[in-house]
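Trainee: I would like to go through this model with you and ask, for each term that is applied to it, what the term rests on.
Mentor: Then let us look at it together and set each value against its definition.

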Amino acid sequence: MNAFDITGTSAPWVVFVPQGASEVQEQLARLEAKGGRVHRFDARDLTTEQGIHRAFAEVLQFPGYYGRNWDALVDCLDDLCGAVTGGVGIAGVIHDADLLLEAEYFPLFVSVLCQGADRANSAVDLDGFPLDRPAVAEHFVLEFRDFDRERIALRVGQPDLVVTTGDGFVAAALDPDEWH
């Protein structure tokens with residue numbers, strides 16, 4: 001399974017795995033051992049766009065002025081405070097992601113997670129200038145009770161993402177030809 005590293009600042013940004021995958025559990029433990037934080041989401045709280053914005057704002061301590069839209073979600077994911085990241089990084093784990101797979105907004109949600117993580121994992125801004133902060137590891141793990149690699153890959157695939165599959169996982173990152 002080892003074709004991703006959720007403890008570092010390299011793509012992929014979103015990983016889809018069977019619930020309880022041992023490699024993911026080991027990587028989450030390593031992230032926490034380095035001082036990073038693991039934030040957990042219940043997919044039942046994310047079944048609507050409003051639910052996503054509410055849950056992410058609460059769990060990741062977004063500022064009060066958070067606009068509760070997709071662009072604002074990207075901005076806040078890029079600018080998480082040290083209390084949320086431990087100054088090292090985060091992994092957002094979404095349990096029971098099966099509940100989200102067929103939602104109309106699901107492909108956009110995955111793209112937004114990739115956009116925010118791509119920016120957070122970079123030490124330069126969108127114009128290529130150095131930021132006043134180091135890159136922060138940021139990844140999202142969607143855990144499925146019924147893991148169907150092909151079905152997930154088809155649902156996630158879209159022009160702005162690179163989707164890869166491996167033994168027991170699907171992964172997504174921004175397509176550099178589209179985004180950089």
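Trainee: Where is the place of Leu80, and why is Leu80 called buried?
Mentor: Leu80 sits in the loop between α3 and α4 (82-85), where helices (H or I, at least four residues) and strands (E, at least two) are DSSP runs, numbered from the N terminus. Its relative accessible area is 15%, and buried means under 20% relative accessible area, with exposed over 50% and partly exposed in between (1.4 Å probe, protein chains only), so Leu80 is buried. This is a predicted model, in which local features need pLDDT of at least 70 and side-chain atom pairs count only at pLDDT 80 or more, while totals for chains, interfaces and linings use all residues. Residues are numbered from 1 along each chain as its sequence is written, and side-chain values use heavy atoms, with hydrogens and water left out.

Trainee: Which residues does Leu80 touch, not counting residues up to four places away in sequence?
Mentor: With that exclusion, Leu80 touches Leu60, Phe62, Thr85, Ile90 and Glu138, contact meaning heavy atoms within 4.5 Å.

Trainee: What makes β3 largely enclosed by the rest of the structure?
Mentor: Six of the seven residues of strand β3 are buried, and therefore the strand counts as largely enclosed.

Trainee: How do you know that β3 and β4 pair, and in which sense do they run?
Mentor: Two strands pair if DSSP finds at least two bridges between them; six bridges join β3 (residues 89-95) to β4, and the two run parallel. Along this pairing Ala91 stands opposite His139, and Val93 stands opposite Val141. Strand β3 also pairs with β2 in the parallel sense over six bridges, with His39 opposite Gly92. Strand β1 (residues 14-18) is joined to β4 by five bridges, again in parallel, and there Pro18 faces Phe144.

Trainee: What makes β4 mostly covered?
Mentor: In β4 (residues 137-144), eight of its eight residues are buried. Ala137, His139, Val141 and Glu143 lie on one side and Glu138, Phe140, Leu142 and Phe144 on the other, so that both faces are covered by the definition of buried.

Trainee: Why is His139 called buried, and what lies 3.0 Å from a polar atom of its side chain?
Mentor: His139 has a relative accessible area of 0%, and therefore it is buried. The backbone oxygen of Pro12 is the atom at 3.0 Å, to be set against the limit for a polar contact, a pair of N or O atoms within 3.5 Å, of which, within protein, one must be able to donate a hydrogen and the other to accept it, residues adjacent in sequence counting only if both atoms are side-chain atoms. Among the other residues that His139 touches are Trp13, Ile90 and Asn121.

Trainee: Against which elements do the buried residues of α2 pack?
Mentor: They pack against β2 (37-42), α3, α5 (106-120) and β4; the buried residues of α2 (residues 49-59) include Ile52, His53 and Phe56. Just after α2, Gln61 takes a positive phi of about 55°.
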